[in-house]
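Open the model in your viewer and get the selection tool ready. We'll take the stops one by one.

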There are 2 protein chains.
Amino acid sequence: MSGTLYGVGLGPGDPDLITLKAARLISTAGVIAYPTLAGGESFARAIAANLIAPGTREIRIDVPMTPARAPAQQAYDVAAKDIANALEAGENVICLCEGDPFFYGSFMYLFARLSDRFETEIIPGVTSVTACAARTKMPLVARNERLTILPGPLPEDELTARIEGAESVAIMKVGRHLSKIRNVIDGLGLIDQATYIERASLPEERISPLAQAPDNAPYFSMILLTKGADPWL
Amino acid sequence: MSGTLYGVGLGPGDPDLITLKAARLISTAGVIAYPTLAGGESFARAIAANLIAPGTREIRIDVPMTPARAPAQQAYDVAAKDIANALEAGENVICLCEGDPFFYGSFMYLFARLSDRFETEIIPGVTSVTACAARTKMPLVARNERLTILPGPLPEDELTARIEGAESVAIMKVGRHLSKIRNVIDGLGLIDQATYIERASLPEERISPLAQAPDNAPYFSMILLTKGADPWL
């Protein structure tokens, strides 16, 4: 009997926002797997650190920092082989995922390689989108409002068109695209309704009006924009 | 010293998808509040039931079943008064919210009435969007893909335009709008990429291709549509 591959969402960063199910799976795991950036720290492992029991086997997925596609995908090829060996030996493998595994998560690369051969189960997690809304106290969407989620690297005309078509917009992966995104939102006359958030729910969290956001934003940053939801009082 | 108003997300329905923080707040609460539909069952309370300690004071918000705006808002006026009294007496009040409080959640009506007078804290929860993706094993968005979240009651032309502008679409609150939505998706030639899910993560969960979905869908149902995300192998 082969083991089961679990893709486990850990939420936005605060370990207290891990679900009961994820916490139980991690604390009783025989084998865990997680990505690291260029062999350095793993944000996913850091979120779950207090739940990992001594003696748990750890499979590190060392993802190289390069814009090229092939080296990262080779890292997932290697990891998928290690994970497949553990699954074939009858062990369950708990893959730690920042946020939610299927919401811009790198777990998808393992899922694509392994889900046709092994049982898989996905444990959803709190996404950074609702975590940022909670921290900034900005209700996202009510009643029949539309929410659009956009990655910051999209081109300006695409961002403009999509922002125009929704009451609320969350722009992910802001990072070095901040100036471009700010120009787009300013051009639409919406800058006073936009808030910048980095590292939501973590001790180093930072929140400011978009107009005062730093020019060099980290990867884990977001812009939330709401066009004045009707509070229906 | 007044108490704090907590809006606590409970996730999509499986009590195991409650976060550690929400579980702790609920199990140690002195006062909880939750909506009920027309004085009947409360879905929110049912999700949290096993965490509620004996002797916890419960404030029921009996929301009438009517399309009119005023009666429901009067129910929130009444509840806001009860909750304000508890907060003024120095008690914390834990409001139980299906899913996430700021993601189509009725907690927003209490937040709008009370957040200017009392300390508030929002605990984000797992939304039905990522829960449905997890259960159907459909990765939602990767890399620079766009996700649009639409409420089913929107008119056909609006649904059509928004579906065309995103790689992945989640349509919430399907209910009696199912035929209309199916026609729109069929007209766009996308019906084979669409999946219907009701009551995700609960024992009575039901998943089917959209083409075979029931004509009478419950309120807690969703359609997920992905236009073939690139697995990047």
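Before the first stop, one term: two residues are in contact if their C-beta atoms, placed from the backbone, lie within 7 Å. Helices (H or I, at least four residues) and strands (E, at least two) are DSSP runs, numbered from the N terminus. What you're looking at is a predicted model, where local features need pLDDT of at least 70, side-chain atom pairs count only at pLDDT 80 or more, and totals for chains, interfaces and linings use all residues. Residues are numbered from 1 along each chain as its sequence is written, while chains are lettered from A and ligands numbered from 1 in the order in which they are written.

**Stop 1: a helix in chain A.** Select helix H4 (107–114) of chain A. Seven of the eight residues of H4(A) are buried (20 or more other C-beta atoms within 10 Å of a residue's own, C-beta atoms being placed from the backbone), so the rest of the structure largely encloses H4(A). Those buried include Phe107(A), Tyr109(A) and Arg113(A). Now show what covers them: strand E1 (4–9), H3, strand E4 (93–97) and E5 of chain A are included.

**Stop 2: the two domains.** Colour 4–123 of chain A as domain 1 and 128–226 as domain 2; these bounds come from an automatic or database domain assignment. Their C-alpha centres lie 27 Å apart. Where they touch, domain 1 of chain A gives seven residues and domain 2 of chain A gives seven residues.

**Stop 3: where the chains meet.** Bring in chain B. The contact takes 50 residues from chain A and 49 residues from chain B. On the chain A side, the elements that each supply at least two residues include helix H1 (20–27), helix H3 (69–88) and helix H5 (128–136). Zoom in on Ile149(A), and opposite, in E6(B), is Leu147(B).

**Last stop: one cysteine.** Select Cys95(B). Leaving aside neighbours within four places in sequence, Cys95(B) is in contact with residues including Val8(B), Tyr34(B) and Phe107(B).

Notes: Two strands pair if DSSP finds at least two bridges between them. A residue is buried if 20 or more other C-beta atoms lie within 10 Å of its own, exposed if 12 or fewer, and partly exposed in between; C-beta atoms are placed from the backbone.
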